[in-house]
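Welcome, and thanks for taking a look with me. Please open the sequence and the structure side by side, and we will walk through a few spots together.

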Amino acid sequence: MYPHWRRSRVSGWRGGVRVFPSKAETKSARGRCKARRCDDPRGHTAARRHPTALAHYCLANALQCAGRNEEAVAIAEKALQMSQRHSWALSILVSTYAAWGKPEQSRALYKELADFSTTGCVQPSMRCSAAADAVGLDEAIAIAQRAIDDRDPFFVMQARTWPGYDRLRTDPRFGDLVRQLQLPNYQPGR
């Protein structure tokens, strides 16, 4: 379904750089992002000690959640370079530029993400939050429906908990879509 992920997962290396960190590194970075804490120096240390695109992506997410957009852009740019312009790094850049009040950059990167999605290498769940930030909720809702139709596994997690989906969760149409998944204890608007 997403051939570029399968290819890089086989070896875990891309272009001489380890793309995927250990499970503990990922869990730690994701927890800091969800809690909207990025002052913890472990995130910066993990990104330096384990120079992976995913570690930089998670740190950029945490920085963006804390409103430290300039730092988030710098880290996300590193993730984008390390990952050879991976859709996850593009999506966090779109959202960070939008949160930073730079809609032109946000829309330009979203256009690149949308163009890249025509090759089938962009998960709808990653494009969904970027669309909400760059072009509006109507397109984001359409992409969320596609995520459900494609059975995108990341959509289940992101729809419930990912900070990038906060804006979408306020829209009743998104709540109706997520209810189709019949997730236990899901309460829209949270």
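In which helix is the place of Ser125? Ser125 sits in helix α8, which covers residues 124–134. Keep in mind as you read that this is a predicted model.

Let's start with Ser125. Its relative accessible area is 0%, so Ser125 counts as buried, the cut-off for that being under 20%. The side chain of Ser125 makes a polar contact of 3.4 Å with the side chain of Gln158.

Is Ser129 buried or exposed? With a relative accessible area of 9%, Ser129 is buried, because that value falls under the 20% limit. Not counting residues up to four places away in sequence, Ser129 touches Ser95, Gly164, Tyr165 and Leu168.

## Helix α4 against helix α5

Now to the helix packing. Two packed helices are described by the angle between their axes and the distance between the axes. For helix α4 (residues 53–65) and helix α5 (residues 69–82), the axes come within 8 Å and cross at roughly 160°. Why are α4 and α5 described as roughly antiparallel? Angles over 145 degrees count as roughly antiparallel, and therefore α4 and α5 are placed in that class. Their crossing is left-handed.

On the α4 side, the residues that meet α5 are Ala53, His56, Tyr57, Leu59, Ala60, Leu63 and Gln64. Their partners in α5 are Asn69, Glu71, Ala72, Ile75, Ala76, Lys78, Ala79 and Met82. By class, this contact has 10 nonpolar, 3 polar and 2 charged residues.

## Helix α4 against helix α6

Helix α4 also packs with helix α6 (residues 87–99), at an angle of about 15° and with the axes 10 Å apart. An angle under 35 degrees counts as roughly parallel, so α4 is roughly parallel to α6. Here, too, the crossing is left-handed.

Which residues make this contact? From α4 come Leu54, Tyr57, Ala60, Asn61 and Gln64, and from α6 come Trp88, Ala89, Ser91, Ile92, Ser95, Thr96 and Ala99. Sorted by class, the contact of α4 with α6 has 7 nonpolar, 5 polar and no charged residues.

Definitions and conventions:
Residues numbered from 1 in each chain as written. Predicted model: local features only at pLDDT ≥ 70, side-chain atom pairs only at ≥ 80, totals over all residues. Heavy atoms only, no water. Helix = DSSP H or I, 4+ residues; strand = E, 2+ residues; numbered from the N terminus. Buried < 20%, exposed > 50% of the residue type's maximum accessible area, 1.4 Å probe, protein only. Polar contact = N/O pair within 3.5 Å; in protein donor to acceptor, adjacent residues only side chain to side chain. Contact = heavy atoms within 4.5 Å. Axes fitted to C-alpha atoms, helices over the stretch in contact; angles between N-to-C directions. Parallel < 35°, antiparallel > 145°, perpendicular 65-115°, else oblique. Left-handed = near helix turned anticlockwise from the far one by under 90°. Nonpolar A, V, L, I, M, F, W, Y, C, P; charged D, E, K, R; others polar.
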